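Please read them alongside the structure.

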Amino acid sequence: MADRVLDAKGLNCPLPIIRTKKVLKDMTAGATLEVLATDPGSVADFSAFCRTTGNEMVEQGQDGTVYRFVIRRAAA
Amino acid sequence: MSPQGDGAGSANAPKSMTIIVTKGSLDWAYPPFILGTTAAAMGVDVTMFFTFYGLPLLLKKLDLQVTPLGNPAMKMPMAGMHMVMPNIVGMIPGVDAIASKMMKNMIASKGVASIEELREMAVDADINMIACQMTMDLFEYKLEDMIGGIKLGGAATYMENALKSDINLYI
């Protein structure tokens, strides 16, 4: 179970990433955030976001049309 | 990998990007704001330089329009097809307003942010937004017409930022 959940369903690029960053900023290092999104582009984008920012993609999955990402916040 | 890297600046400086924003129609306003806000969310220091027709994107009240005139690539989804507006139709007064209204409805229904929202995110993300002083003079805009948190500057101000940036875009 992630520490926080962000519902980004129905939002299109770049909103899911920007909302995610906003939530991560207020979380402590090591805490996990679960993001739910329906934008198919988010699959590639969340991986790129994590590789670039150092936040860790802990889990990734899909349930029907909903994509699910669990991200662990990197140390600042 | 982290955004700290071998940027043009010192070894530990975050990556940086500049964008010259030269166009202010509804469609052309998207790429600079989407890239700018996303880069900022990825830890990049972003500078946006608003010049010529891009400058009005900093006005407090936005009323962005799109025109199908001279744009054969603008294909609007309609009745399950994609329609191109012939130039002769695009020339009729009021067609731009209708096309703009349609585009804004599409944007809202597809969960795409409005330019107003993206611009607010750009301000929140501390993006360095510079209004071109020469364009302000040329088109007779006053600083009080513009949103807060922007700076005034010219080509040299832009160049100083561009020279130390990893990415420089002209849109």
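Two strands pair if DSSP finds at least two bridges between them; helices (H or I, at least four residues) and strands (E, at least two) are DSSP runs, numbered from the N terminus. This is a predicted model, in which local features need pLDDT of at least 70 and side-chain atom pairs count only at pLDDT 80 or more, while totals for chains, interfaces and linings use all residues. Residues are numbered from 1 along each chain as its sequence is written, chains are lettered from A and ligands numbered from 1 in the order in which they are written, and side-chain values use heavy atoms, with hydrogens and water left out.

Q: In which sense do strand 2 and strand 4 of chain A pair, and over how many bridges?
A: The open sheet of chain A has 4 strands in the order 1-2-4-3, with mixed pairing. Its edge strands, strand 1 (4–8) and strand 3 (56–63), each pair on one side only. In strand 4, A:Arg72 is the bridge partner of A:Thr32. Strand 2 (residues 32–37) and strand 4 (residues 66–72) of chain A pair in the antiparallel sense, over 6 bridges.

Q: Why is one side of strand 6 and of strand 7 of chain B left without a neighbour in the sheet?
A: In chain B, 5 strands form an open sheet in the order 6-5-2-1-7, with parallel pairing. Strand 6 (151–153) and strand 7 (167–170) of chain B stand at the edges, so each has a single partner strand.

Q: What area is buried between chain A and chain B?
A: The contact (heavy atoms within 4.5 Å) takes 17 residues from chain A and 17 residues from chain B. Buried area is the accessible area (1.4 Å probe) that two parts lose on being put together, summed over both. Carbon and sulfur atoms give 66% of the area between chain A and chain B, which is about 1200 Å².

Q: Which element gives the largest share of the side of chain A that touches chain B?
A: Between the chains there are 0 salt bridges (a side-chain nitrogen of Lys or Arg within 4 Å of a carboxyl oxygen of Asp or Glu). The elements that give two or more residues to the side of chain A that touches chain B are helix 1 (15–25) and helix 2 (42–53) of chain A. The largest share, 6 residues, comes from helix 1 of chain A.
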